[in-house]
Amino acid sequence: MTGTLVLAGTPIGEIADAPPRLAAELAAADVIAAEDTRRLRRLTQALEVQPSGRIVSYFEGNEAARTPELAEALAGGARVLLVTDAGMPSVSDPGYRLVAAAVERGVKVTAVPGPSAVLTALAVSGLPVDRFCFEGFPPRKTGERLSRLREVADERRTLVYFEAPHRLDDTLAAMAEVFGAERRAAVCRELTKTYEEVKRGPLGELAQWAAEGVRGEITIVVEGAPEAGPQELGPEELVRRVRVREEAGERRKEAIAAVAAELGLPKRQVFDAVVAAKNAARPEPTHGQVNG
C-alpha cells in the first residue's frame with residue numbers, strides 16, 4: 001500500500017496565518033521534507049509542535065538528487081510532508097519534481113491549503129483579478145528578461161511576478177520599456193509582515209521609486225494589456241507583434257499569419273508592414289556604389 005504526499009502551505013509572514021491542519025500534519029508525518037530545516041525548526045517551535053518523523057532538507061540544490069529517495073519512501077507507504085520557506089510548495093519553490101514522481105508511482109497527493117503571496121498580492125493590488133497568470137521570477141540577464149517580457153506584452157490577463165529586491169528597479173524599468181510606462185502596476189512588499197507596503201502606480205513611476213532602493217520579499221502585479229481594435233494599430237505595432245512571435249520561435253510567415261488572424265486583418269497588410277520596416281532598416285547606398 002502506497003503512502004501519501006502532503007503539500008503544506010506555510011505562513012508568508014504572520015505566524016497566526018498557519019493553516020489549522022499544519023500542526024497536526026507536522027506531528028504525524030513519517031518524513032518532513034523542508035526547504036530550510038532551520039526555518040522548519042522555528043515554525044514547529046512557534047506552533048508548539050514536536051515532529052515525530054524524520055526531517056530532511058529539500059531545496060533547489062538537492063531537489064533532483066533527493067526526489068528518488070522520497071519517492072521510494074512514498075511507494076513504501078510513508079506519509080511525506082513537504083514544506084517550503086513560505087507559501088505553497090511548487091509555486092516558484094521546490095515541489096514539482098516530487099509531485100510528478102508521486103503521480104508516476106500512483107501515490108496519493110493532497111494539500112493543506114495555506115497562505116500564498118500570489119493570491120494575497122492580487123487581492124490587495126487594486127487591479128482586475130478575474131483572470132490572471134503567474135510568471136514566477138523574471139530572468140536575471142537583461143536580454144533574456146526583455147525577451148520574456150515581450151512574450152507577454154499583449155497578454156490581456158493580469159500578470160504576477162516574484163522578484164528579488166536588488167533587481168526590482170531593473171525589472172520595473174524593463175517592464176516600463178516593454179509594457180509601456182503608463183501601464184498600471186502594484187509592488188507588494190513584505191506581505192502580512194510588520195513593514196507591509198503596497199505601492200501602486202504606473203510602471204514608469206514605480207521604476208523611479210524602486211531606483212532609491214527597496215527591501216524585503218517582493219511580489220509585482222501588472223495590469224493586463226488594453227484591448228485595441230485593428231484600426232488603432234499602426235504599422236509599427238504590427239511589426240512589433242510579428243517580432244515578438246519570431247523571438248518566441250515562430251517562423252516569419254507563421255508569425256505574420258498569426259498576427260493577421262488575431263487582429264482580423266488581411267495577411268497582406270501585416271506582410272507589407274514587415275517588408276516596409278525591413279527596407280527602412282537597410283543602410284542607404286554610399287556615393288559611387290554600383291548595384292549589381
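Is Thr192 buried, exposed or partly exposed? In this predicted model, Thr192 has a relative accessible area of 24%. The residue therefore counts as partly exposed, since the buried class ends under 20% and the exposed class begins over 50%. Thr192 sits in the loop that runs between β8 (184–189) and β9 (197–202). Its phi is near 70 degrees, a positive value in a residue other than glycine.

A positive phi also occurs at Ser90. Here the angle is near 80 degrees, again in a residue other than glycine. Ser90 belongs to the loop between β4 and α4. With a relative accessible area of 31%, Ser90 is partly exposed.

The loop between β4 (79–83) and α4 (96–104) also holds Thr84. Thr84 is buried. Its relative accessible area is 5%, and the cut-off for buried is under 20%. Residues up to four places away in sequence aside, Thr84 touches Thr10, Glu35, Pro89, Asp93 and Pro94.

The chain as a whole was examined next. Its secondary structure comprises 11 helices and 10 strands. The radius of gyration is 24 Å. A compact globule of 292 residues would have a value near 19 Å. Along the principal axes, the C-alpha atoms fill a box of roughly 85 × 45 × 40 Å.

Burial and contacts were then computed. Of the 292 residues, 43% count as buried. Contacts between residues at least 6 apart in sequence were sorted by separation, and 72% of them join residues at least 24 apart. The accessible surface amounts to about 15900 Å². Carbon and sulfur atoms account for 49% of that surface.

Charged side chains number 38 positive and 43 negative. The centres of the two sets lie 3 Å apart.

Aromatic contacts form a further feature. A pair of aromatic rings is described by the distance of the centres and the angle of the planes. The model contains 2 aromatic pairs. In one of them, the rings of Phe134 and Phe162 have centres 5.0 Å apart and planes at 65 degrees. This pair is edge-to-face because its angle of 65 degrees falls in the class over 60. Phe134 lies in strand β6 (residues 132–136), and Phe162 lies in strand β7 (residues 158–163). The pair therefore ties together parts that are 28 residues apart in sequence. Phe134 is partly exposed, at a relative accessible area of 29%. Phe162 is buried, at 12%.

Phe162 also pairs with Phe137. The ring centres of Phe137 and Phe162 are 5.7 Å apart, and the planes stand at 65 degrees, so this pair is edge-to-face. It links distant parts of the chain. Phe137 is in the loop between β6 and α6 (142–151), whereas Phe162 is in strand β7, 25 residues apart. Phe137 is partly exposed, with 40% relative accessibility. Phe134, Phe137 and Phe162 form one aromatic cluster. Within this cluster, Phe162 is buried, while Phe134 is partly exposed and Phe137 is partly exposed.

Definitions and conventions. Residues are numbered from 1 along each chain as its sequence is written. Side-chain values use heavy atoms; hydrogens and water are left out. Helices (H or I, at least four residues) and strands (E, at least two) are DSSP runs, numbered from the N terminus. Buried means under 20% relative accessible area, exposed over 50%, partly exposed in between (1.4 Å probe, protein chains only). Contact means heavy atoms within 4.5 Å. The radius of gyration is taken over C-alpha atoms; the globule rule is 2.2 Å times the number of residues to the power 0.38. Accessible areas come from the Shrake-Rupley method with a 1.4 Å probe; for residues, only the protein chains shown count as cover. Lys and Arg count as positive and Asp and Glu as negative; His and the chain ends are not counted. The place of a charge is taken as NZ of Lys, CZ of Arg, CG of Asp or CD of Glu. Rings of Phe, Tyr and Trp (its six-membered ring) pair if their centres lie within 6.5 Å; planes under 30 degrees apart count as stacked, over 60 as edge-to-face and the rest as tilted.
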